[in-house]
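This report describes one protein model for a reader who has not seen it before. Please look over the sequence and the structure first.

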Amino acid sequence: MLCLTAALGQSRNPCCAAQLWHSCRQQILYPVVSSGTIRITHKPMRLGPYSLPAGQPVLIPFFSIHRSPRLWQDPDEFRPERWLAGEE
C-alpha cells in the first residue's frame, strides 16, 4: 500500500487515482480469501468495553469495517469520487 500511496500521492490525474484507491477498497469489500486479520495483544489492554489480557488474539474484520454504514456513506456502492478532495 505504501508504493500505491507514493505513486498516487502526486498523481496528475485525480480521477484515475480515485478509481485505483476505490479498486483497492473493492478488494476488501469482496475478498478472495480472507475477511480479516488476526493480531495478538502484547500487553493487557482495553478495547472498547473489553479488557484483554496479553497474548489474546484479536480479529480485525476488514469485511465488516468496509461495509459499515457508520463509516461509509453507501458502503456497497462503487463511488471512486469518495477519494477526491472535498468528497465525504
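## Overall fold

Which pattern does the protein follow, read along the sequence? The pattern is α-α-β-β-β-β-α, and the secondary structure comes to three helices and four strands. Helices (H or I, at least four residues) and strands (E, at least two) are DSSP runs, numbered from the N terminus.

This is a predicted model, in which local features need pLDDT of at least 70, side-chain atom pairs count only at pLDDT 80 or more, and totals for chains, interfaces and linings use all residues. Residues are numbered from 1 along each chain as its sequence is written, and side-chain values use heavy atoms, with hydrogens and water left out.

## Burial

Of the 88 residues of the protein, 22% count as buried. Buried means under 20% relative accessible area, exposed over 50%, and partly exposed in between (1.4 Å probe, protein chains only).

## Salt bridges

The structure holds three salt bridges, each defined as a side-chain nitrogen of Lys or Arg within 4 Å of a carboxyl oxygen of Asp or Glu. One of them pairs Arg-67 with Asp-76, with the closest N and O atoms 2.5 Å apart. Arg-67 is partly exposed at 23% relative accessible area, and Asp-76 is partly exposed at 43%.

Arg-79 is buried, at 16%. Its side chain meets that of Asp-74 in a salt bridge (3.5 Å, N to O), and Arg-79 also forms a salt bridge with Glu-81, at 3.1 Å between the closest N and O atoms. These shared partners join Asp-74, Arg-79 and Glu-81 into one network.
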